[in-house]
Amino acid sequence: EKALELFDELQRRGLEPNIITYSALISACEKGGQWERAMELFQELQERGLEPNIITYNALISACEKGGQWEKALALFDELQQRGLE
């Protein structure tokens, strides 16, 4: 929750988040058991034109796995391989 609050504050101050910011947030969601929020952030970063990297995918896959979303985790793993991020 604290990480998401800081993210909101960052945006209120007019600072643009980058892929490192999003990867850290997705990782925080994974640790907090918020796989759905992690997926929302992943979608948002792509809508902003940012390219997810291997760290982003690893955090999101882990969030889905911890949330019992095995099919989503496997689909994301396939996607990262297709992008050549192995």
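**Notes on the helical core**

1. Start with I26: setting aside neighbours within four places in sequence, I26 is in contact (heavy atoms within 4.5 Å) with A38, L41, F42, L45, T56, A59 and L60. Keep in mind that this is a predicted model, where local features need pLDDT of at least 70, side-chain atom pairs count only at pLDDT 80 or more, and totals for chains, interfaces and linings use all residues. Residues are numbered from 1 along each chain as its sequence is written, and side-chain values use heavy atoms, with hydrogens and water left out.

2. I26 is also one of the residues touching the most other members of the largest nonpolar core, which has 21 residues; A38, L41, F42, L45, L60 and L76 are the others. Such a core is a set of buried Ala, Val, Leu, Ile, Met, Phe, Trp, Tyr and Cys residues joined through side-chain atoms within 4.5 Å. The helices (DSSP runs of H or I, at least four residues, numbered from the N terminus) giving two or more residues are α1 (2-12), α2 (19-31), α3 (35-47), α4 (54-66) and α5 (70-82). α4 gives the largest share, 6 residues.

3. Now look at L41, in helix α3. L41 counts as buried because its relative accessibility is 0%, the cut-off being under 20% relative accessible area with a 1.4 Å probe, protein chains only. Beyond residues up to four places away in sequence, L41 touches L4, F7, Y22, L25, I26 and C29.

4. Where do α3 and α4 meet? W35, A38, M39, F42 and L45 in α3 meet T56, Y57, L60, A63 and C64 in α4.

Note on methods:
Buried < 20%, exposed > 50% of the residue type's maximum accessible area, 1.4 Å probe, protein only.
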